[in-house]
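These are notes for a colleague who is looking at this structure for the first time. They are arranged as numbered points and can be read beside the model.

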Amino acid sequence: MKSKSVKSAALFVSACAVLGIGCGGDKAARKDGEGGAEFAMARKAHAKPVDPGASMTLQNEIGVLDTDDVEATLQEHFDDVRACYGRAGKAQRYAGGKVLLRFMVAGDGAAQDVWVLESSLGNYEVERCLVEVGRKIRFQAPTGNKATTFEYPVEFRSESGMEILDVDGPKVDHDVAILLPQLAACGQVASEQVNASIYIESNGALGSVGLATAAAIDEDAGDCVVQTIRGWRMSVGLPGHVVRANFAIPTTITTASRTLAHHRRR
């Protein structure tokens, strides 16, 4: 059977986050009296209407997980998930967005692995923290004690509510084309293309970097890539603003010595 997901909001902090599923009167809403980062966790909405009175189950290719158990189990780890945002450090003043997690659940309910499938958050430390928390979670055993998978988004909002401008175009492409060969020394990050999100501060320096891919990440290579990217200087800095850009990291990167030599002379 193909995987299914339902329209169901799970966790909200401080205010309703934008998930595209509406949450004005959601009973699962929670308030954080001390303020801070806002985020939400919710299952990816199904494209077709869902009968709210129907019995909801999360069905996948082999095993079947009960959605109520998934919601209750993730609620138990609310504080751990929320605490992950603290790892963003100084980037908390602007880093925000959704992280779509893919859970691989074993037949006994243990999370075998968790991947960051998609992310607009743009902070590797927070993303890896979510993976670490997710790997420790145990759900009730899927029906039939057979392995299954499901996807679950977590959304964070920056403490300051700073407006972030998303940019793309020739300048970003030009900078990335010159700098990308530096990542070859880190080795292959994943067996699939990796999507990077970066925050560029007004002076062109990179303040935060995030990675997402539809495969398991080699964490040593991922750490190397993130640290290397943080040393870049971009030409698209906008005075008084922090901007966000995205680019793809291919599975194989060819070192272009001529290009790198040109970059060093700039």
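1. The model is a predicted one. Cysteine 186 is bonded to cysteine 224 in a disulfide, with the two sulfur atoms 2.1 Å apart. Cysteine 186 sits in the loop between α4 (170-179) and β9 (194-200), while cysteine 224 belongs to helix α5 (residues 219-230), so the bond ties together parts that are 38 residues apart in sequence. The link is left-handed, with -70 degrees about the S-S bond. Is cysteine 224 buried or partly exposed? At 29% relative accessibility, cysteine 224 counts as partly exposed.

2. How many disulfides does a search of the whole structure find? There are two disulfides. One of them joins cysteine 84 to cysteine 129, with an S to S distance of 2.1 Å. Here cysteine 84 is in helix α2 (residues 78-84) and cysteine 129 is in helix α3, so distant parts of the chain, 45 residues apart, are linked. This link is left-handed, at -75 degrees about the S-S bond. Cysteine 84 has 0% relative accessibility and counts as buried; cysteine 129, at 6%, counts as buried.

3. The largest nonpolar core has 32 residues, and Leu101, Phe103, Leu130, Phe139 and Phe150 touch the most other members. At least two residues of this core come from each of α1 (67-76), α2, β5, β6 (111-119), α3 and β7. The most is given by α3, which supplies five residues. There is a second, separate core of 30 residues, and among its members are Leu179, Ala221, Trp232 and Ile253.

4. The aromatic pairs come to seven. One of them is formed by phenylalanine 103 and phenylalanine 139, in an edge-to-face arrangement with 5.9 Å centre to centre and 85 degrees between the planes. Why does this pair tie together separate parts of the sequence? Phenylalanine 103 lies in strand β5 (residues 97-105) and phenylalanine 139 in the loop between α3 (124-135) and β7 (148-157), so the parts brought together are 36 residues apart in sequence. Phenylalanine 103 and phenylalanine 139 are both buried. Ring pairs join Phe103, Phe139, Phe150 and Tyr152 into a cluster.

5. The structure has nine salt bridges. In one of them, arginine 93 pairs with glutamate 201, and the closest N and O atoms are 3.5 Å apart. Arginine 93 is in the loop between α2 and β5, and glutamate 201 is in the loop between β9 and β10 (206-212), so the pair ties together parts that are 108 residues apart in sequence. Arginine 93 has a relative accessible area of 37% and is partly exposed; glutamate 201, with 22%, is partly exposed.

6. Another salt bridge is made by the side chains of aspartate 108 and arginine 138, at 3.4 Å from N to O. Aspartate 108 is located in the loop between β5 and β6 and arginine 138 in the loop between α3 and β7, so the bridge ties together parts that are 30 residues apart in sequence. Aspartate 108 counts as partly exposed, with 44% relative accessibility.

7. Glutamate 219 is partly exposed, with a relative accessible area of 35%, whereas arginine 128, at 11% relative accessibility, counts as buried. Salt bridges with shared partners join Asp113, Arg128, Arg135 and Glu219 into one network.

8. Aspartate 175, in helix α4, is buried at 1% relative accessibility. A polar atom of the aspartate 175 side chain lies 2.7 Å from the backbone nitrogen of serine 235. Aspartate 66 caps the N-terminal end of α1, where a side-chain oxygen is 3.0 Å from the backbone nitrogen of aspartate 68. Within α1, the buried residues include Thr67, Asp69, Val70, Glu71, Thr73 and Leu74.

How values were computed
Residues numbered from 1 in each chain as written. Predicted model: local features only at pLDDT ≥ 70, side-chain atom pairs only at ≥ 80, totals over all residues. Heavy atoms only, no water. Phe/Tyr/Trp six-rings, centres within 6.5 Å; stacked < 30°, edge-to-face > 60°. Helix = DSSP H or I, 4+ residues; strand = E, 2+ residues; numbered from the N terminus. Buried < 20%, exposed > 50% of the residue type's maximum accessible area, 1.4 Å probe, protein only. Disulfide = S-S within 2.5 Å. Core = buried A, V, L, I, M, F, W, Y, C linked by side-chain atoms within 4.5 Å. Polar contact = N/O pair within 3.5 Å; in protein donor to acceptor, adjacent residues only side chain to side chain. Salt bridge = Lys/Arg side-chain N within 4 Å of Asp/Glu carboxyl O.
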